[in-house]
Amino acid sequence: MEIKADTTVCIGAGMCALTAPELFDQSEDEGTVLVLRREVPADKEDAVRRAVNLCPSGAISAT
């Protein structure tokens, strides 16, 4: 599974960072999503799916 993020769509809600802090953070300057690891370990896939579903702007996806 690979994470993709569109910072131009991100509204800085932070749900991704709260849901999977080992994989997401927020930019200190703009508050937008930062992907810490694009390749998701198998044991973190459920957390990534939750983060994608909770993102209010649809800025993150995982394939």
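# Close-up views of a predicted model

**View 1. Arg49 and Glu45 in helix H2.** Because Arg49 and Glu45 stand four residues apart in helix H2, about one helical turn separates them. The model is a predicted one. A salt bridge links Arg49 to Glu45, with 3.5 Å between the closest N and O atoms. Arg49 has a relative accessible area of 40% and is therefore partly exposed. Glu45 is partly exposed as well, at 22% relative accessibility.

**View 2. The salt-bridge network of Glu45, Asp46 and Arg49.** Arg49 also forms a salt bridge with Asp46, and here the closest N and O atoms are 3.2 Å apart. Asp46 and Arg49 are both in helix H2, three residues apart, which is about one turn of the helix. Through shared partners, the salt bridges join Glu45, Asp46 and Arg49 into one network.

**View 3. The salt bridge between Glu22 and Lys44.** The structure holds three salt bridges, and one of them is formed by the side chains of Glu22 and Lys44, at 4.0 Å from N to O. What does this pair tie together? Glu22 belongs to the loop between H1 and E2, while Lys44 belongs to the loop between strand E3 (33-35) and H2, so the pair ties together parts that are 22 residues apart in sequence. Is Glu22 buried or partly exposed? With a relative accessible area of 35%, Glu22 is partly exposed. Lys44, at 27% relative accessibility, is also counted as partly exposed.

**View 4. The buried residues of helix H2.** Ala47, Val48 and Ala51 are buried in helix H2, which spans residues 45-54. Looking down the axis of H2, these buried residues fall within an arc of 100°, so they line one face of the helix. Which elements do they pack against? The buried residues of H2 pack against H1, strand E1 (3-5), strand E2 (24-26) and strand E4 (60-62).

**View 5. Ala17 in helix H1.** Ala17 sits in helix H1, made up of residues 15-19. Its relative accessibility is 14%, so Ala17 counts as buried. Leaving aside residues up to four places away in sequence, Ala17 touches Phe24, Asp25 and Gln26. Asp29 is twelve residues from Ala17 in sequence, and the C-alpha atoms of Ala17 and Asp29 are 15 Å apart in space.

**View 6. Cysteines without a disulfide.** The count of disulfides comes to zero. Cys16 is buried, because its relative accessibility is 10%. Cys55 has a relative accessibility of 16% and therefore also counts as buried.

Definitions and conventions:
Residues are numbered from 1 along each chain as its sequence is written. This is a predicted model: local features need pLDDT of at least 70, side-chain atom pairs count only at pLDDT 80 or more; totals for chains, interfaces and linings use all residues. Side-chain values use heavy atoms; hydrogens and water are left out. Helices (H or I, at least four residues) and strands (E, at least two) are DSSP runs, numbered from the N terminus. Buried means under 20% relative accessible area, exposed over 50%, partly exposed in between (1.4 Å probe, protein chains only). Contact means heavy atoms within 4.5 Å. The arc is that of the directions from the helix axis to the C-beta atoms. A disulfide is a pair of cysteine sulfur atoms within 2.5 Å.
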